[in-house]
Amino acid sequence: AAPAQEYEDVKFSGIRKAIAKSMMNSLHSMAQLTNHHSFDAASIQAFRKQCKAAGGDVGGITLGDMLLYAVSRTLLDFPDLNANMIDDNTIRRFRHVNLGVAVDTPRGLMVPTIFNADTKSLLEISREVKTLAEAARSGAISPDLLTGGSFTVSNLGSTGVEMFTPVINPPQTAILGVGSITQRVREERG
């Protein structure tokens, strides 16, 4: 009997091939810079606990939803980050935040867009991101919802990753990579 093969070759699907090509293009053609920052998450965790206790739709609001809401409000103060590179010497600054959200799917990483996220409430963002993520995972998402982003958030916090370097989603100019919440000793200053 022939020995069992110790590997399997799997061809990329069309969408996975396009995603890989786009990410490789980003790495080869755009400046990649990573900054690592942390913040005290006690307040946001306390607010999440209040939401959960309230139940109903509000009870389903996650830390990730809160982060998307905060990013949607902050980006307008940084117009060069809420932008697309049109060509080598033109940047398109957006008047609203079209927030891309990286979603892991069986077909590869997809980035659906919450259009005009800066005009939506926390609850609206929470509902919309869940709808978009489910559509992306099931393969039922409209291609129109996978384009038009002005900035992307990639959140690996739930997987335990503390920090990582996300790849910019062209033609966007920046991306935010979010890691997990970790317990640290806090120095009191006084």
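**Figure 1. Burial and surface of the protein.** Of the 190 residues in the protein, 31% are buried (under 20% relative accessible area, with exposed meaning over 50% and partly exposed in between; 1.4 Å probe, protein chains only). The model is predicted: local features need pLDDT of at least 70 and side-chain atom pairs count only at pLDDT 80 or more, while totals for chains, interfaces and linings use all residues. Residues are numbered from 1 along each chain as its sequence is written, and side-chain values use heavy atoms, without hydrogens or water. The accessible surface (Shrake-Rupley method, 1.4 Å probe) comes to about 12700 Å², and carbon and sulfur atoms account for 54% of that area.

**Figure 2. Order of the secondary-structure elements.** The protein contains five helices and eight strands (DSSP runs, numbered from the N terminus: H or I of at least four residues for helices, E of at least two for strands). Along the sequence, these elements follow the pattern α-α-α-α-β-β-β-β-β-β-α-β-β.

**Figure 3. The largest nonpolar core.** This core comprises 21 residues (buried Ala, Val, Leu, Ile, Met, Phe, Trp, Tyr and Cys joined through side-chain atoms within 4.5 Å). Two or more residues each are given by α4 (63-74), β3 (99-101), α5 (122-138) and β7 (151-155). The largest share, five residues, comes from α5. Those with the most contacts inside the core are L68, V71, L99, I114, F151 and V153.

**Figure 4. Surroundings of I114.** Residues up to four places away in sequence aside, I114 touches L68, V97, N98, L99, V101, K120, I125, E128, V129 and L132 (contact: heavy atoms within 4.5 Å). Two of these neighbours, L68 and L99, are also listed with I114 among the residues with the most contacts inside the core.
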